[in-house]
Amino acid sequence: MPAEPVDDYRVLAAVAHPVRRRLLDVLRVERAMTASALADRLGVAVGSASHHAKVLAEHGLVVPAPELARDRRERWWRLGDARISWSTQAFADDPAGAAASSAADDLSARLQLERWQTWRAERSSASGEWQDAATSTDVWLHLTPDELGELSEELTAVLQWWAGRAREDDPAGRRPVFAFAHAFPAQP
């Protein structure tokens, strides 16, 4: 099920920051990490990682996970409700909301393109199985706005189903895979 659309521009402003967006992505893959491990992964100071996690926590996007700590000094974070969707139209009459929406859109597109370009540059070093399994596809459709909305919901549901599968008994060959899709009106 798709997330409820965000109606608070401050949530979009929080995720429009590159470090916070990467922090969310790391937790989407790793599920939970210490502030120290997050700092190492993100290439920032521990204090910076903690600050960015706290900003995301203000919006429920990450939550503290004290039950994972071995002692009082260890600060663990886990993913909260980080499924984020929004309508740019919802912020059309709010300059701050429109700016936050645009910044979040721009960052998402840039990160998606960067990940795709990294894959293209490094795929020759991947095994043939991974090269054959990876995909890139596109199609032109003729849809009404309602049909496009339905397609969006179905694509989101498929990706959420795959993301929600249990990982306790991961086979040795399983790796994080980044999947994204865009569907919007355009002309060839």
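A charge sits over a ring if NZ of Lys or CZ of Arg is within 6 Å of the ring centre and within 35 degrees of the ring normal. The model is predicted: local features need pLDDT of at least 70, side-chain atom pairs count only at pLDDT 80 or more, and totals for chains, interfaces and linings use all residues. Residues are numbered from 1 along each chain as its sequence is written, and side-chain values use heavy atoms, without hydrogens and water.

**Exercise 1.** Find which residues lie over the faces of F178 and W130.

Solution. Start with F178: R115 lies over its face, 4.7 Å from the ring centre. Then take W130: R175 lies over that face, at 5.0 Å from the ring centre.

**Exercise 2.** Classify the aromatic pairs found in a search of the whole structure.

Solution. Rings of Phe, Tyr and Trp (its six-membered ring) pair if their centres lie within 6.5 Å; planes under 30 degrees apart are stacked, over 60 edge-to-face, and the rest tilted. The search gives 2 aromatic pairs. W161 and W162 have centres 5.0 Å apart and planes at 85 degrees, an edge-to-face pair. For F178 and F180 the centres are 5.4 Å apart and the planes at 35 degrees, so this pair is tilted.
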